[in-house]
Amino acid sequence: MSNEIGKCLCGEIEVECNDLPKGAAACFCEDCQKASGGGPSFNIVIPDENIRIIKGVPSIFKVKAASGNSVERLFCSNCGSAICSKLISRTVWKAGLFSHLKDIEVALNVWSSSANKLCKVDTDKKTFEQGR
């Protein structure tokens, strides 16, 4: 896919992505569970040069992750939708921004050791007990 436009719930934030992958990483860390309402966060890893915010200015919440590293969580201050998380090694974008969500599959799981009983980790996929 090329030139896919992703939007937050209210449409105030838009991102444009070239070559959006069909595989997502499910993160079961406690921070992602809190941000998602109890389940994992479904994230797409895209090279920075292939994605950018084209409309709006997201708010930033900074937190220290279980790994000890700093994480910046970008979100829409109007509707609260998560946009992306900036990690030290990469930026991960929320799969729910994009309209072709039905075509995205979980490719791998991270922080499976933190998963709760609300959702099942698909261990048929590559799974890491902690971060990757």
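I take helices, at least four residues long, and strands, at least two, as DSSP runs numbered from the N terminus. The model I looked at is predicted.

**Whole chain**

I counted one helix and eleven strands in the protein chain. Reading along the sequence, I noted the pattern β-β-β-α-β-β-β-β-β-β-β-β. I then checked the radius of gyration: the protein chain has 14 Å, which agrees with the value near 14 Å for a compact globule with 132 residues. Along the principal axes, the C-alpha atoms fill a box of roughly 35 × 30 × 25 Å. I found that 38% of the 132 residues count as buried. The chain exposes about 7,700 Å², and carbon and sulfur atoms supply 49% of that area.

I looked up an open sheet of three strands, in the order β1-β2-β5 with antiparallel pairing. β1 (4–7) and β5 (51–55) stand at the edges with a single partner strand each, so one side of each has no neighbour in the sheet. From one strand to the next, the twist averages 30°. Strand β2 (residues 14–17) pairs with β5 over four bridges, in the antiparallel sense. I traced cysteine 17 to its bridge partner in β5, isoleucine 51.

**Alanine 107**

I placed alanine 107 in strand β10 (residues 105–110). Alanine 24 lies 83 residues from alanine 107 along the chain, yet their C-alpha atoms are separated by 5.4 Å.

Conventions
Residues numbered from 1 in each chain as written. Predicted model: local features only at pLDDT ≥ 70, side-chain atom pairs only at ≥ 80, totals over all residues. Heavy atoms only, no water. Pairing = 2+ DSSP bridges. Axes fitted to C-alpha atoms, helices over the stretch in contact; angles between N-to-C directions. Rg over C-alpha atoms; globule rule 2.2 N^0.38 Å. Buried < 20%, exposed > 50% of the residue type's maximum accessible area, 1.4 Å probe, protein only. Areas by Shrake-Rupley, 256 points an atom, 1.4 Å probe, with all protein chains shown as cover.
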